[in-house]
Amino acid sequence: MYMTDAASQLSAGLGRLRSYVRKRMRDPGGMEDVVQETLVRVIEQERRQVIEQPLAYAFRVADSVIMAGARKAARETELDEFELVCNLPLADEVLDYRQRLGRFEAALERLTPQRRTVFRMRHIDGKSRQDIAAEMNLSVEAVKKHLVRAMADLTLSLGDDWAPEAGAGTNHHG
């Protein structure tokens, strides 16, 4: 049976993951459920992107699963949710966001300097095409072409990570 590199590393570290989860749970009876949910999330995430340290990532995901379980239990027992609920993003959500941001920034750096500048002025600074054209001594049509090519490049580079409303673009077309 074929195992991915991440699955192999997770399998090798399964004992450590169980111990980690057991120490963090008030009710050790749910430990296996948390471990299973963690493994599923890590393996699903690995299908979308390379996880450089799957076991370390699994620990963070386990924390998120434990917190989500605590929140659910608090709602179900009608405890004061302000004591247990945190509106901050979960650790795996923060990690995922940071990894996607890193890929976006790398893709943005691969754009030609002029295209990257046009893209940033439009989508980060919020300037109009006319203002960009005036500042860069370009025609409005040239600005539009840079923006379209930047979006196409970023879409190719980022694939599923790309959210057009977030305004990203990628590389190599001058």
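Visitor: Where is asparagine 137 placed?
Guide: Asparagine 137 sits in the loop between helix 8 (129–136) and helix 9 (140–158). Keep in mind that this is a predicted model.

Visitor: Is asparagine 137 buried or exposed?
Guide: Exposed. Its relative accessible area is 71%, and the cut-off for exposed is over 50%.

Visitor: What about the phi of asparagine 137?
Guide: Phi of asparagine 137 is near 60°. That is a positive value in a residue other than glycine.

Visitor: Staying in helix 9, what about valine 148? Buried or exposed?
Guide: Valine 148 is in helix 9. It counts as exposed, at 56% relative accessibility.

Visitor: How far apart are valine 148 and arginine 115?
Guide: In sequence, 33 residues. In space, 9.6 Å from C-alpha to C-alpha.

Visitor: Let's zoom out. How many helices and strands are in the chain?
Guide: The chain has 9 helices and 0 strands. Along the sequence, the pattern reads α-α-α-α-α-α-α-α-α.

Visitor: And how much of the chain is buried?
Guide: Buried residues are 33% of the 174 residues. The accessible surface of the chain is about 11200 Å². Carbon and sulfur atoms account for 51% of that surface.

Visitor: What share of the contacts join residues at least 24 apart?
Guide: 53%, counting contacts between residues at least 6 apart in sequence.

Visitor: New topic. How many aromatic pairs are there?
Guide: The structure holds 2. One of them is formed by phenylalanine 104 and phenylalanine 119. The pair is tilted, with 50° between the planes and 6.5 Å centre to centre.

Visitor: Which parts does the pair tie together?
Guide: Phenylalanine 104 lies in helix 6 and phenylalanine 119 in helix 7 (residues 113–124), so the pair ties together parts 15 residues apart in sequence.

Visitor: Are those two phenylalanines buried or exposed?
Guide: Both phenylalanine 104 and phenylalanine 119 are buried.

Visitor: Helix 6 again. What about glutamate 109?
Guide: Glutamate 109 is in helix 6. It is partly exposed, with a relative accessible area of 48%. Leaving aside neighbours within four places in sequence, glutamate 109 is in contact with Arg116 and Arg120.

Visitor: Last one. How do helix 4 and helix 6 cross?
Guide: The axes of helix 4 (residues 54–76) and helix 6 (residues 91–109) cross at roughly 135° and come within 7 Å. That makes helix 4 oblique to helix 6.

Visitor: Which residues make the contact?
Guide: Helix 4 brings Tyr57, Arg60, Val61 and Ser64. Helix 6 brings Ala91, Asp92 and Leu95. By class, the contact has 4 nonpolar, 1 polar and 2 charged residues.

Technical notes:
Residues are numbered from 1 along each chain as its sequence is written. This is a predicted model: local features need pLDDT of at least 70, side-chain atom pairs count only at pLDDT 80 or more; totals for chains, interfaces and linings use all residues. Side-chain values use heavy atoms; hydrogens and water are left out. Axes are lines fitted to C-alpha atoms, for helices over the stretch in contact, and angles run from 0 to 180 degrees between N-to-C directions. Helices (H or I, at least four residues) and strands (E, at least two) are DSSP runs, numbered from the N terminus. Angles under 35 degrees count as roughly parallel, over 145 as roughly antiparallel, 65 to 115 as roughly perpendicular and the rest as oblique. Contact means heavy atoms within 4.5 Å. Ala, Val, Leu, Ile, Met, Phe, Trp, Tyr, Cys and Pro count as nonpolar, Asp, Glu, Lys and Arg as charged, and the others, Gly among them, as polar. Buried means under 20% relative accessible area, exposed over 50%, partly exposed in between (1.4 Å probe, protein chains only). Accessible areas come from the Shrake-Rupley method with a 1.4 Å probe; for residues, only the protein chains shown count as cover. Rings of Phe, Tyr and Trp (its six-membered ring) pair if their centres lie within 6.5 Å; planes under 30 degrees apart count as stacked, over 60 as edge-to-face and the rest as tilted.
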